[in-house]
Amino acid sequence: MALPDTDTLTAGGIIGACAGGLLWLRKYLSSDRVDRANDNAQINIIATLQAERDAAVKRADEAVALREQAMSAMNGLQLQIAQLQGQVEALSKQVAALTPKNTPA
């Protein structure tokens, strides 16, 4: 039985190594593509969450501004009520002073 030629073995080894290397490279690049897709998905999720947070902060700021405006209007109305009550008391005293105490029956 004759042994195979060393050139044939070397060529087979090189081809096998190249094929193995190509398969490993394909697997590596495929997993790298998955990792990039995952990273892009995470980036998109983070961007979406940041946009939602910014919108929520804006709505909260608008609500606070509206509340402060309502409180200011309410304080102004309370002041007007107090002034009107004072005017009613003064007018009631004037009416009491002008009406005769003994009215003929």
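Colleague: What does the accessible surface of the protein chain come to?

Modeller: About 9,700 Å². Carbon and sulfur atoms hold 64% of that. Accessible areas come from the Shrake-Rupley method with a 1.4 Å probe, and for residues only the protein chains shown count as cover.

Modeller: This is a predicted model: local features need pLDDT of at least 70, side-chain atom pairs count only at pLDDT 80 or more, and totals for chains, interfaces and linings use all residues. Residues are numbered from 1 along each chain as its sequence is written, and side-chain values use heavy atoms, leaving out hydrogens and water.

Colleague: How much of the chain counts as buried?

Modeller: Of its 105 residues, 0%. Buried means under 20% relative accessible area, exposed means over 50%, and partly exposed lies in between (1.4 Å probe, protein chains only).

Colleague: Is Y28 buried or partly exposed?

Modeller: Partly exposed, at 44% relative accessibility.

Colleague: New topic. How many salt bridges does a search of the whole structure find?

Modeller: One. A salt bridge is a side-chain nitrogen of Lys or Arg within 4 Å of a carboxyl oxygen of Asp or Glu. Here the side chains of R53 and D54 meet, 3.0 Å from N to O.

Colleague: How accessible are D54 and R53?

Modeller: D54 is partly exposed at 43% relative accessible area. R53 is partly exposed too, at 49%.
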